Amino acid sequence: MDLDKCIACGACSDKCPKRIPNEYNEGLDKRKAAYVRYAQAVPLKYGIDAENCIYFQKGKCKACQKFCPTGAVNYEQQEEVRDIKVGSVIISAGFKPFDPTPYVQYSYANFPNVVTALEFERILAASGPWMGHLVRPSDEAEPKKIAWIQCVGSREVNTCDHPYCSAVCCMYAIKEAVIAKEHSHTDLDAAIFFMDMRTFGKDFERYYEGAQEDGVRFIRSRIHSISELEDRSLQIEYATEDGQARVETFDMVVLSQGLETAPETIELCQKLDINLSPGKFISTSCFEPVTTSRQGIYVCGALAGPKDIPLSVMEASAAACAAAGKLSSARGSLAQEQEFPEERPVAGDIPRVGVFVCSCGINIAGVVDVEAVAEYARTLPYVTFVGNNLFTCSQDTQDKMTEVIAEEGLNRVVVAACTPRTHEPLFQETLVNAGLNKYLFEMANIRNQDSWVHSGDPAAATEKAKDLIRMAVAKAALLAPLQEVQLEVTPGALIIGGGVSGMNAALNLAAQGYTSHLVERDNALGGNARSLRVTAQNQPIAPYLDELRERIEAEPLITVHLNTVIKEGEGFVGNFKTTLAGDSGEEVVEHGVTLICTGAGEYKPAEYLYGQDPRVMTHLEIDQAVLGGELDLSEVNKAVFIQCVGSRDPEHPYCSKVCCTHSVESALAIKEANPEAQVVILYRDIRTFGERELLYKEARSKGVLFVRYDLEHKPEVKATDDGLMVTVRDHVLDRDLLIEADLVGLATAIVSHKSNELAQMFKIPMDSDGWFLEAHQKLRPVDFATDGVFMAGLAHYPKPLEEAVAQAQAAVARAVTVLSSKEMMLPGTVAFIDQRKCVGCGVCWTVCPYQAITQDDKGLAVVNEALCKGCGTCVASCRSGAPNLRGFTNQGVMAQIMAL
Amino acid sequence: MAKAKQVTGAVMVVGGGIAGMQSALDLANSGYYVYLVEKSPAIGGVMSQLDKTFPTNDCAM
């Protein structure tokens, strides 16, 4: 397929006679040999699957070529081999969902109503094989009972050699159960069969609790077998925790398949001489989480160990930071800035509006009579040109639009197509290419808001399209060119917090050539890591901290401020001004970006004799005592660790993520120092996610005992004459166990510093647990909604050291996107105040969510255009009508309403 | 002093799923040329197959 000619009209696919299983829908329906992977694919270009194409296989057909309106089909295309010179490489080849087909125990291959979790995602999806209707494959009837089986291809060595936990399946199973209940027309009975529920991420525990409240059943069990009944329902035989055999029947079973590395990816890594971990993921060090064993090659995402989307995105930015670190001298040498023609002045000209009506293939034209709509648009005031395009967004149409704008002397453009959310930037660029100010543009959404929702009533949809275009034209005629504010960027950073995150952030910024002020309120750098003994890979942390400190001292681009706090903060992206208060008085620093690396604290419990008996210690205290030589692990004979102390309870309704691994590490260290020692870990769910599961396995094989308790029967610790006595209710035996101990380790929660002042100074939100709230929990994990402010480390959520390092690198990558531009353009769609109407009542600066409005010396409102996000709240709230929003003026909005 | 080695201001990203796309965007937005290599005909990876995502229930697309 010639990508420049393909306009993604779909004619090739419509006419292609060959039907094959559609891999996008996991084979649940069919696609053609000429196809596009999915409707929103990027690039949106059709391709021919030569392995299945009748012409390629048998030499006859060519239907696609015959019907292609643009002559894009080219059977002569050959594979090309290109040599590319690059400075570094990032491998982000991802994972392959575990395929349960060959494994008899999962009964997947023979029973149609046993589906994988990814198949179930497609069943739930509106773009899936049944358009989002919840049905089971065998008879397309709606299931009333669905079971999810966890750990399919995870934590399983007997059949598939996957000793690791896949880290994402608990959460996606809960999500699928919750959404399936929403889709269900009956009261769907959803049951999740699990070993440990591992909801360790930000807000995960709340979601788990919410699902329980919504009636999702969680059954702690081991599955024995799945068999099929005559009506194709499925009977699950399982054993409960206390060893009882049970049987239950379900209409459908979803296998929560794990993650694995694809064989071809393993081959690629071997070819590149990159070391793999025991679980066949790319192996990295906790201190350099995105660096592979091969110099210049970096890794991110699930290929560096099973992980979820937010962590993959974080690592992706981290890998960008690491990959760029050594290339900064060549920054900008190959990337090109786009050049645009000079802007044509339109002030005082009579509006000449061009309307481009899009057919969107058949998306719009299949319902709306686009020709009638185009004909109607010609009759509207100021409209001097109307065009109709099959795909207005295709590259050739963009080129044509640029020509038409010049030829017809258009000075306003309306595109009647899809949504400005996705396509406005593209069309605005076309305007700029044609020498028009990009704000002389308006869209009418005749697809998402018309043809899609009124597909059953074409006549009404056509009339609605006319209404929408009439409104858009009315507004367009009043549009004025807007100037974007240009801001200089101060090329340096302020990093608040000198723990592992802050130190790594400073060093990575320096590697890219940027200065930073590293501010620490304590008298030394290092933060919580100073009290930590080893990483999850058993690497000692103290020497690593020494190395970081030495490198920082030797780095001229980093200024360290110890015993220093933030007194005042003002400014905005590119131009922050912050007052630091330290030993030597106050100092004002100017910086382009701010990195929040303020860390978190350790919860101090009021239970289990903590603070009353010196043999009861927290994790950090045990590590500190070992590091300081006050505690000799070889002298510990009987140790008990209690998990979830202050976590997953009403006061802190979240999982602290690191404590299970920490207890297992400590238990292993005791066993190493004294193999005869008795070590017991009292837990609620063991959450050794990812390849940490191997530590859990090792601990069990070395004789560490694991006893589960629940919140209703918490363990008790008593001091006796010869030591400590821990009492716990054992679920298997259903009776109290009395365990002697000479050391009780408390796996205490990580708690937020709740720095409200900092939150206010930098306009960053905090959630109800006190964690700073990122701009988007999945896709912008280190950004804030406030531009130019980023975060890393425990201030975001409890996390192990390697994630803090990755997040610091990610924050630097994001920060460099700001710092590397000498100046930035801010959108022209901002509010302005007509001070003749302003009475200084203060309503607008009270309601402004971005604190973009202040009082000037006359007491009147004034907008800081760099802070304004153009939300319009001030316009709506003012009683005098003084504020107005550029691009969305009151006059423009009124004209739209009057046109309706 | 050793002469600074000439480096190439371009990076290759192998795999166009959510991680590869984010790496590519961050690099391009900081002044590096990026070659994003994907074996399938569209970028997006497994995330494009997900229906809705936690916690916002946003469409993964």
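**Fold of chain A and its interface with chain B**

Of the 900 residues of chain A, 47% are buried, a residue being buried if 20 or more other C-beta atoms, placed from the backbone, lie within 10 Å of its own. The model is predicted: local features require pLDDT of at least 70 and side-chain atom pairs pLDDT 80 or more, whereas totals for chains, interfaces and linings use all residues. Residues are numbered from 1 along each chain as its sequence is written, and chains are lettered from A in the order in which they are written.

Chain A comprises 23 helices and 43 strands, which are DSSP runs (helices H or I, at least four residues; strands E, at least two) numbered from the N terminus. The radius of gyration of chain A, 31 Å, is close to the 29 Å given by the globule rule for 900 residues, so chain A is as compact as a globular protein of that length; the radius is taken over C-alpha atoms, and the rule is 2.2 Å times the number of residues to the power 0.38. Along the principal axes, the C-alpha atoms of chain A fill a box of roughly 95 × 80 × 55 Å.

At the interface, 43 residues of chain B are in contact with 56 residues of chain A, contact meaning C-beta atoms, placed from the backbone, within 7 Å. Helix 1 of chain B supplies the largest share of the side of chain B that touches chain A, 8 residues. Strand 5 (residues 88–91) of chain A runs parallel to strand 1 of chain B and is joined to that strand by 4 bridges; strands pair if DSSP finds at least two bridges between them. Within this pairing, V13(B) is the bridge partner of I90(A).

Key: Buried ≥ 20, exposed ≤ 12 C-beta atoms within 10 Å, placed from the backbone. Contact = placed C-beta atoms within 7 Å.
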